[in-house]
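Visitor: I have just opened this model and would like a slow walk through it. Could you start with a single residue and build up from there?

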Amino acid sequence: MFWGVVFIATTTFVMIFVKEKEVAEDEENESCGQTYFNMLKILKMKNVLWYTGSIFIIKAAFAPMDALSGLKLLEAGLSKDVLVSLSAFLIPLQIILPLIITKYTSSSFPLQTYIHGVLPRMLGT
């Protein structure tokens, strides 16, 4: 309920007080078809294909482990209360961790940090 009120209040504030910038008359907007065409051109780039393919493979490799890890912990004797408490503890960590690793991922090779983090996880699975 609280977040619903915050959302409505923020949306109303933006609607009333934030004005859109005027678009120059000589500036032409792209059509919907042209926008999709540009998106397809970007998706066909070698680096984008490599990135999406590697992320898909990595996520597909870890999906079964992520889905079954909670069940295995319950099977090993961990109570549901502790499991829920553990997942509640991890939420702030998932919010703060990207802020901490930003200095490592803002280099000229940002995927190297990701790959170095994924390799030990793959070997440990």
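**A walk through the model**

Guide: A67 has a relative accessible area of 54% and is therefore exposed, a word used for values over 50%, while buried means under 20% and partly exposed lies in between (1.4 Å probe, protein chains only). This is a predicted model, in which local features need pLDDT of at least 70 and side-chain atom pairs count only at pLDDT 80 or more, although totals for chains, interfaces and linings use all residues. Residues are numbered from 1 along each chain as its sequence is written, and side-chain values use heavy atoms, with hydrogens and water left out.

Visitor: Okay, and which helix is A67 found in?

Guide: A67 belongs to helix α3, helices being DSSP runs of H or I with at least four residues, and strands runs of E with at least two, numbered from the N terminus.

Visitor: How far apart in space are A67 and M122?

Guide: Their C-alpha atoms are 15 Å apart, although 55 residues separate A67 and M122 in sequence.

Visitor: Back to α3: what span should its 30 residues have?

Guide: At 1.5 Å a residue, α3 should span 44 Å, and the end C-alpha atoms of α3 are 44 Å apart, which agrees; the expected span is 1.5 Å times one less than the number of residues.

Visitor: And where does α3 bend?

Guide: The bend is at L68 and comes to about 40 degrees, taken as the angle between axes fitted to the seven residues ending there and the seven starting there.

Visitor: Which residues of α3 are buried?

Guide: Those are I58, F62 and G70.

Visitor: What does K72 form a salt bridge with?

Guide: The partner of K72 is E75, and their closest N and O atoms lie 3.6 Å apart, where a salt bridge asks for a side-chain nitrogen of Lys or Arg within 4 Å of a carboxyl oxygen of Asp or Glu. K72 and E75 are three residues apart in helix α3 (residues 46-75), so about one helical turn separates them. E75 is exposed, because its relative accessible area is 63%, and the structure holds one salt bridge.

Visitor: Switching topic, how many aromatic pairs does the structure hold?

Guide: It holds two aromatic pairs. F2 and W3 make an edge-to-face pair, 5.0 Å centre to centre with 75 degrees between the planes. Ring centres of Phe, Tyr and Trp (its six-membered ring) must lie within 6.5 Å to pair, with planes under 30 degrees apart called stacked, over 60 edge-to-face and the rest tilted. F2 is exposed at 57%, and W3 is exposed at 66%.

Visitor: And what about F13 and F17?

Guide: F13 and F17 form a tilted pair, 4.9 Å centre to centre with 45 degrees between the planes. They sit four residues apart in helix α1 (residues 2-17), so about one helical turn lies between them. F13 is partly exposed at 49%, whereas F17 counts as exposed at 57%.

Visitor: Where is the place of E25?

Guide: E25 is in the loop between α1 and α2 (32-43), and E25 is exposed, with a relative accessible area of 84%.

Visitor: Last one: is Y114 buried or partly exposed?

Guide: Y114 counts as partly exposed, because its relative accessibility is 31%. Y114 lies in helix α5 (residues 110-124), and its C-alpha atom is 31 Å from that of A76, from which Y114 is 38 residues away in sequence.
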